[in-house]
Amino acid sequence: MFDTLYFGTYTKRESQGIYQAKLDLETGKLSDLKLLARETSPTYLAFSPQDRLYSVAAQDGQGGIGAYTVEGQLLNHVLEDGASLCYVAYDKGRQLVYGSNYHKGQVTSYHIREDGQLDLADVVTQEGSGPHPNQSSSHVHYSDLTPDNYLVTCDLGADRVSTYAVSDTGHLSLVGQYKSQAGAGPRHLVFHPYFKMAYLACELNSTVETLVYDGVGDFDYLNSQSTLPADFQGDNAVGAIRMSQDGNFVYISNRGHNSIAVFKVLADGNLEQIQIVSSHGDFPRDFNFSNNQQFLIVVHQESDNASVFQRDAQTGLLELLSHDFYVPEAVFISSNPYE
């Protein structure tokens, strides 16, 4: 048995676009890397059950989103002048796609046509700033659905999590805001599958905030924990956050320390750090689980390699299997959840 993995990349050095590879679910071995689609810096991907792939895209000084078949055939681009998106998400119920624009401080929604092509539905420009040098303006880094089907965004530049009601046509209406710790730089968010909890990965101060989520965009702060060893003195920026399917463990990547921090979810929903393990590469921007949850695969933007870890489902702990599989400039990894 194999998982098919998809890689989003930057195309500044060696990469040419979206890549694909196989993961052996018995051995954890990666193989058969191939270029699926040529695209300019397709740094984030999302999938639909209609065999569609939606990707960050850029062309001729314009940035936005691209719609593809899962075989890599381009359906259309929706592009505007300026920087491209940094995050893409799919909304099955409303047949929408959402995008986050870091440099413009925008969240966008796109309507999916019957043929899979996209049309721009709405754009919201967020405003704000924070005390960190990287917070001179709004930087929307994440926009995805809450468990109760609102759209929630993480604004790294404004230390803010904003939640929107979404109409069937894709119109966005603000319903709630949460302010993270000053200078934290909220980047990505995961929700617990059955607790009313969310975990907010904060890039700029290398922490994870544990939040109570009461629905309709109502977040309440519980506590904050470092993703780093107590004696670490260097520069670091948190990358991705993922939660195991059973809701028992949270994993976060550290870019700079180049590691994966592992947290156990306690009975009250709080987190306990149980492991920090080297990612065995430079700048681990993203990672993900195999479909059977037995392996965790980490991709490195600067060293062009993927590391594979065996994951103990009972303890959550990681054990390195390999770190020598070549993937150029990878910053996103996922299987297709609808395959």
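## Pocket

A pocket is an open set of grid points with protein on both sides within 12 Å along at least five of seven lines. In this predicted model, the largest pocket has a volume of about 1200 Å³. Its lining counts 37 residues, and Tyr 87, Asp 144, Arg 242, Asn 288 and Pro 337 are the closest to the centre.

Two or more lining residues of the largest pocket come from each of strand 4, strand 8 (87–91), strand 12 (140–145), strand 16, strand 20 (237–243), strand 24 (286–289) and strand 28. Strand 8 gives the most, with five residues.

## Cavities

Rolling a probe the size of a water molecule over the atoms shows where empty space is left. Across the whole structure, two cavities of 30 Å³ or more are found. The largest cavity has a volume of about 100 Å³. It is lined by 13 residues, of which Gly 63, Gly 64, Glu 80, Thr 108 and Tyr 110 are the closest to its centre. Strand 6 (62–69), strand 7 (74–81) and strand 10 (106–112) are the elements that give two or more residues to this lining.

Strand 4, which covers residues 45–48, has both faces covered. Leu 45 and Phe 47 are buried on one side, and Ala 46 and Ser 48 are buried on the other.

Strand 4 runs antiparallel to strand 5 (residues 52–59), and four bridges join the two. One of the residues involved is Ser 48, whose bridge partner in strand 5 is Arg 52. The hairpin of these strands has three residues between them, and Asp 51 takes a positive phi near 60 degrees there.

## Ser 334

Ser 334 belongs to strand 28 (residues 330–335). With a relative accessible area of 13%, Ser 334 is under the 20% cut-off and therefore counts as buried.

Leaving aside residues up to four places away in sequence, Ser 334 touches Thr 4, Leu 5, Tyr 6, Phe 47 and Asn 288. Ser 334 and Phe 7 are 327 residues apart in sequence, yet their C-alpha atoms are 6.8 Å apart in space.

## Aromatic rings

A pair of aromatic rings is described by the distance of the centres and the angle of the planes. The structure holds 11 aromatic pairs. In one of them, the ring centres of Phe 191 and Phe 219 are 6.0 Å apart and the planes stand at 40 degrees, so this pair is tilted. Phe 191 lies in strand 16 (residues 186–191) and Phe 219 in strand 19 (residues 219–226), so the pair links parts of the chain 28 residues apart. Both partners are buried: Phe 191 has a relative accessibility of 16%, and Phe 219 has a relative accessible area of 6%.

Ring pairs also link Tyr 44, Tyr 87, Tyr 142 and Phe 332 into a cluster. Elsewhere, the charged end of Lys 12 sits over the ring of Tyr 10, 4.3 Å from the ring centre.

## Thr 163

Thr 163 is placed in strand 14 (residues 160–166). Its relative accessibility is 0%, and Thr 163 counts as buried. Not counting residues up to four places away in sequence, Thr 163 touches Thr 146, Tyr 150, Leu 151, Val 152, Ser 173, Leu 174, Val 175, Gly 176, Gly 217 and Phe 219. Phe 219 is also the ring partner of Phe 191.

How values were computed. Residues numbered from 1 in each chain as written. Predicted model: local features only at pLDDT ≥ 70, side-chain atom pairs only at ≥ 80, totals over all residues. Heavy atoms only, no water. Phe/Tyr/Trp six-rings, centres within 6.5 Å; stacked < 30°, edge-to-face > 60°. Buried < 20%, exposed > 50% of the residue type's maximum accessible area, 1.4 Å probe, protein only. Lys NZ or Arg CZ within 6 Å of the ring centre and 35° of its normal. Pairing = 2+ DSSP bridges. Contact = heavy atoms within 4.5 Å. 1 Å grid on protein atoms, 1.4 Å probe; cavity = no way out; pocket = protein on both sides within 12 Å on 5 of 7 lines; lining within 4 Å. Points joined across faces, edges and corners; volume = space filled by probe spheres on them.
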